[in-house]
Amino acid sequence: MSLISRFRRKPDGRPNGKQQDVVDQLAVAKIPATDELHYCRVLQIPCEGERVPAQAAIAAAWKMLEEQMTLVPEGEVSLLSTDPGTLDTGIHDVPTEIAWVQSLYFDRCCVTNAEFEQFVAEGGYAQEHLWPPEILAHVLQFVDQSGCAGPRFWKNGQPESTVQDHPVTGICWYEANAYAHWRGKRLPTPEEWQRAATWAAGQSGPSVQTRYPWGDSYDPTRCNTWNSGIKSTTPVSDYYSGCTPNGVYQLIGNVWEWTAALYESEVSAEGDRLLSDVPLAEIRGGAFDTYFASQATSLFRTGQNLLHRGRNLGFRCIVDADQLLPQTDPYAFFEENGES
Amino acid sequence: MNPSTEQVIQTSQFLEGNVKIKCVCCDRESFDNNGYCGQCQAPLDLSRTAEKRGVPVNFVSVLGASGAGKTVFIGMLLDILSKGCHGIQGLPNNAFSVAIQQQTINALEGRRFPEKTASEAEGWQWVHCEVTTEKKRRSYIDVITPDFAGEAIATELEHPGTYIAIREVIRRSRAVLMLIDSISVRDTGRDEDFFAMKLASYIYNLRSEGNSTRKSKPEKFPLGIVLTKSDECQEAMGDPEQFASDNMPGFGKFLKRNFANYRFFASSVVGASSTFADHRGFFMPVPLHVEPIGITEPLEWIVNH
């Protein structure tokens, strides 16, 4: 197994609940040495007496982390800025500043209904600290079709059994943030999202970022947009051919993804601008019903009402790489699995 | 060019000009070298294409107040049909039928709405396309749909006979789609209700012309009522009929009494929109991204009828 194929692994062996906890804890803070024994027990790693095979425990945790997340190396990203244009031209995107993005771990897949169900079942909607004070009054309205707390299109606090592995939708920006916070993660900024989705064509620098994770040409067989003809969401691990080189699924199509920033346009020299009655959060990537291929690219920026709970809008989470325990031996994983 | 050649050309042009063509919209005969029918101002290219194809044409009217979204609806519908959707495909029969599709798609992809349709009849765009369904692959129907200006429709309602094309197209239509702006219905009182009642009444009177019985039966031809811009009006998107019944009581009652075959639909084209604010204080809505919903369903319903 090469290092590259290790990065680009199909996420077919998703961790169970206990393992998930370890991954989450690994994600939020460096593991203190005294806790290593605990992690070994949770992970069912054999240990000799009280001597902890720390290396193996950490390697196992890393293995699970890499099942779900992948490293996006630090680097530059060239953002497009929304120019309000003129009455004739309409709004359009123009290249502006180069942003620097730190290394981060990026969810390979969007958060699924099954994953979000854990959040609902563990009372995520009732945990006050997960919600900003100004939105607490609205949380009571974040209900499903039966009036239970949960995403808009669920019933009785549960998704339909057929869509367990589909991206969770019908959640507003605040619900996405609450979930990410609960998991010890956060939403990506637009710069981070774009860094994960765009891959410089060759070594020419950030100015030649590809429009899609696979290249510059639209290909309806690699993503779920209007032209694919599916007209609904698909499982998050579909479209393997549309992955980024490091194994991030469906950055293009299936569902739009909430990012951590507000969507705002530039103000032109004459004072022309875009206005909105309500604040909009930036969303990225396009969805199953995105009509134009030009609006489902790695670079296209648009916005959606923070309280919008649409059928075509989901999210994924990230963790800053510097929040994680350093991986002392990156090959421990291979040794443990008898791979070379 | 020598004088004799010029004379031959002029003679042939004169003879050609003497050939008359019957307008597909109002049946009036016009010289074939004209651009528009002398009576209803429908483009004669439309009549030429219809004559050449030699199959009966079916008019489908798309009507509504100014700003209801008729141009966007027709342009988007054509673009979706040209790719095929839910077993229905529609292909334009001539170059001018592509114009409205091209104009709408170019505008939306450039994140702006297409320009308002001109009030003058010569400025309207007409679409003539061939619609096929998966069920009846070998048979097709020719559909003609004009994009009337909302202001012209309003004028025709107030002063019947001002726009002959509108009257003739409605009279000949196999079905009518009435577009109503759901946001206006929700936010601006009863204006939309009154306009819809007037329009429905106009349609009913035209369709029941020549009916000798004193008490006419309800009209049976298909009338689709499409609540547009429903992306910003979730109530309309959720249950269009209930929304209309709650917010347009007069129209709802009129329909029940006079039309036997009607149905409500909700549609939207944009996923989110914003407002462009010009430094001179001019405001204009702009689409941020495009996610069409409920565009083909009304036509599917019509075709199935």
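# Briefing on a predicted two-chain model

Strand E5 (residues 256-262) and strand E7 (residues 280-284) of chain A pair with each other in the antiparallel sense over 3 bridges.

**The four-stranded sheet of chain A**

- E5 and E7 belong to an open sheet of 4 strands in chain A, which has the order E8-E7-E5-E9 and mixed pairing.
- At the edges of this sheet stand E8 and strand E9 (313-314) of chain A, each of which pairs on one side only.
- Helix H8 (residues 190-197) of chain A lies across both E5 and E7 of that chain, and runs at about 140° to E5(A).

**The three-stranded sheet of chain A**

- Another open sheet in chain A is formed by 3 strands in the order E1-E4-E10, with antiparallel pairing.
- Its edge strands are strand E1 (69-72) and strand E10 (318-320) of chain A, and each of them pairs on one side only.
- Neighbouring strands of this sheet are turned against each other by 25° on average, when direction is ignored.
- Strand E4 (residues 104-107) of chain A is joined to E10(A) by 3 bridges, the two strands running antiparallel, and here Tyr105(A) stands opposite Val319(A) of E10(A).

**Where chain A touches chain B**

- The contact between the chains draws 21 residues from chain A and 18 residues from chain B.
- On the side of chain A that touches chain B, strand E6 (273-275) and strand E8 (302-305) of chain A each supply at least two residues.
- By class, the residues on that side of chain A divide into 7 nonpolar, 10 polar and 4 charged.

- The contact between them takes 15 residues from domain 1 of chain B and 15 residues from domain 2 of chain B.
- On the side of domain 1 of chain B that touches domain 2, there are 9 nonpolar, 4 polar and 2 charged residues.

**Helix pairs in chain B**

- Helix H8 (residues 191-207) and helix H11 (residues 249-258) of chain B have axes that come within 8 Å and cross at roughly 20°, and the two helices are therefore roughly parallel to each other.
- H8(B) passes H11(B) in a left-handed crossing, and the residues that make the contact include Ala196(B) and Tyr204(B) of H8(B) as well as Phe251(B) and Leu255(B) of H11(B).
- The residues of this contact of H8(B) with H11(B) divide into 7 nonpolar, 3 polar and 1 charged.
- The axes of helix H3 (residues 70-83) and helix H4 (residues 96-109) of chain B likewise come within 8 Å, but cross at roughly 105°, so H3(B) and H4(B) are roughly perpendicular to each other.
- Among the residues that make this contact are Val72(B) and Met76(B) of H3(B), together with Ile100(B) and Thr104(B) of H4(B).
- The contact of H3(B) with H4(B) divides by class into 6 nonpolar, 5 polar and 1 charged residues.

Methods: Residues are numbered from 1 along each chain as its sequence is written. Chains are lettered from A and ligands numbered from 1 in the order in which they are written. This is a predicted model: local features need pLDDT of at least 70, side-chain atom pairs count only at pLDDT 80 or more; totals for chains, interfaces and linings use all residues. Two residues are in contact if their C-beta atoms, placed from the backbone, lie within 7 Å. Ala, Val, Leu, Ile, Met, Phe, Trp, Tyr, Cys and Pro count as nonpolar, Asp, Glu, Lys and Arg as charged, and the others, Gly among them, as polar. Two strands pair if DSSP finds at least two bridges between them. Axes are lines fitted to C-alpha atoms, for helices over the stretch in contact, and angles run from 0 to 180 degrees between N-to-C directions. Angles under 35 degrees count as roughly parallel, over 145 as roughly antiparallel, 65 to 115 as roughly perpendicular and the rest as oblique. A crossing is left-handed if the near helix is turned anticlockwise from the far one by less than a right angle, and right-handed if clockwise.
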